[in-house]
Amino acid sequence: MKKLRFIYYLSLFAILSQVITACNSCSKQGVDVTQDLYVPDSVIEVAPPQVSKAVTEQMMQNISSPVETAALIKGLKIPFNKNFLASTKQAEKFNTNFEKAFALGLYGCDLGYLNMYEKTSFVVDYISTIKRLADDIQVGQFFDFNTLKRLATNNENLDSLILISQQSFNRIDNYLAETNRSMLSAVIVAGVWVEGAYLSSRVAQISNHPRIRETIGEQKTILNFLLALLKVYDKDPSMAKLITDFENIKKIYDEVKITYEVGEPEMVEENGVLTFKQTDKQIIQMDDELYQRLIVGIQELRNNLLKL
Amino acid sequence: MGVTYFNKVNAQSEEELVQICTMVAGDAEYLKDFRIKLDAGDPPPVQRFPILLKKDIKYRFTVCNSKDYEGKVILQLFDNNRQLATTYIVATGKDYPYIDWVCTKTGAYHLVYSFRDGKAGLAVGLLSMVGTM
């Protein structure tokens, strides 16, 4: 038994060493795809995932996307609900750069939801708030407010509205990385994730669709990566506090069991478009009581951070 | 001297490549772009980007080469150590400007970009969303 445990910890050490030393995935000779981002449940239970700063910074933007969350909700034919969104009046309560960056992410997620449902009448209010927050943390020049306002006001080219919103956030992220302020990027991502999880939790209260249940459950995977990202900056007191808040919901998520069945991808070419279809399956196990605790936990986390 | 000036004026910027790639991606919603610049080498150098993909989303991966370089970019999508998809099918020798990926597992993946035959190149990769499943 002791020997088995020794081998297990040795393997764990080997995996984490690989993760920590995984280079910044910049130019490398030859393809070397290691397991630096693969964190199975069994490892998560023992130690939080440790991911190198460079790797986390690169995947930062993609950890939580307002477009994908909103598309999933809309795809389930869930009607738009303005009450799900954070009031822009709350923005006045955010004082520090850290808080403003968090709010920027949170309202950015709401903007994604509005854009996806083409609710342009509310968009101007949200982009005005986002612009103010972005200006306050000196990244306002990358948020293309005027174009977004014109598109929303004239109700024209809604695809461009999504494109420019998304590109604005990407440019903000790039600029923060270039100016050694990546921590604020991480905080923005945290804001996007919290609001996305919150929107899903509100939908979960009005829909029994199994996909929503799964969406709530699979946030465990995303949260683990997000926490790994935030912990890169855990020396900052504000970040340490945010991590503590996130750890509370993580404790509940630790009870969710996610397993996978591996399959071979299928390749189909139709009308010149090559499509690869993954056949892996993810299986999320949680009972109703745990599901409800997650919903409540997510909503408490979001409302506390929004200072409601 | 004049030639150098001419080349500078007409060189394709990464921003231009992003715009071209966005058009190539068609109706898919833009999510993120990746800038790839690699020197020649043997074995071919690669540029790797970690990403998180979500279940029940159909993604589109588009690649666009700079006309100023000889290299033709190849994208390979990996999970842990398995290649799941690619824009270049070796068996047929066919290159695709974009491929679609139907994701059934939320988690971490890797995008690995290289240039065919290890030539130097400049390219942009685009991640976009076709829709939900």
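Look for Ser64(A), Thr69(A), Gln219(A), Ile222(A) and Lys54(B): of the 15 residues that line the second largest cavity, these lie nearest its centre. Keep in mind as you go that this is a predicted model. The space in this cavity comes to about 120 Å³. What sort of residues are they? Sorted by class, the lining has seven polar residues, five nonpolar ones and three charged ones.

The largest cavity has about 330 Å³ of space, and 25 residues line it. To find the middle, pick out Pro66(A), Gln166(A), Phe169(A), Asn170(A) and Val192(A), which lie nearest the centre of the largest cavity.

From chain A, helix 3 (53-63), helix 4 (66-75), helix 5, helix 8 (158-178) and helix 9 (182-204) each give at least two residues, and so does strand 1 (29-38) of chain B. Which of them gives the most to the lining? That's helix 8 of chain A, with seven residues. By class, the lining of the largest cavity splits into 11 nonpolar, 11 polar and three charged residues.

Now let's move on to a pocket. The second largest pocket has a volume of about 400 Å³, and its lining is made of 18 residues. Lys241(A), Leu242(A), Asp245(A), Asn304(A) and Leu305(A) are the ones nearest the centre of this pocket. Three helices of chain A, namely helix 5 (97-116), helix 11 (237-253) and helix 12 (288-305), each supply at least two of the lining residues. Helix 11 of chain A has the largest share, with seven residues.

Time for the cysteines. Over all chains, the count comes to one disulfide. Cys21(B) and Cys64(B) form it, with their sulfur atoms 2.5 Å apart. The link between Cys21(B) and Cys64(B) is right-handed, with 110° about the S-S bond. It ties together distant parts of the chain: Cys21(B) sits in helix 2 (residues 14-24) of chain B and Cys64(B) in strand 3 (residues 57-65) of chain B, 43 residues apart. Are these two cysteines buried or exposed? Both Cys21(B) and Cys64(B) are buried.

What about Cys109(A)? This cysteine is in no disulfide, and the nearest cysteine sulfur, that of Cys103(B), is 19 Å away. Cys109(A) has a relative accessible area of 1%, so it counts as buried. Cys103(B) is in no disulfide either, and its nearest cysteine sulfur is that of Cys109(A), 19 Å away. Cys103(B) also counts as buried, because its relative accessibility is 1%.

Note on methods. Residues numbered from 1 in each chain as written. Chains lettered and ligands numbered in written order. Predicted model: local features only at pLDDT ≥ 70, side-chain atom pairs only at ≥ 80, totals over all residues. Heavy atoms only, no water. 1 Å grid on protein atoms, 1.4 Å probe; cavity = no way out; pocket = protein on both sides within 12 Å on 5 of 7 lines; lining within 4 Å. Points joined across faces, edges and corners; volume = space filled by probe spheres on them. Helix = DSSP H or I, 4+ residues; strand = E, 2+ residues; numbered from the N terminus. Nonpolar A, V, L, I, M, F, W, Y, C, P; charged D, E, K, R; others polar. Disulfide = S-S within 2.5 Å. Buried < 20%, exposed > 50% of the residue type's maximum accessible area, 1.4 Å probe, protein only.
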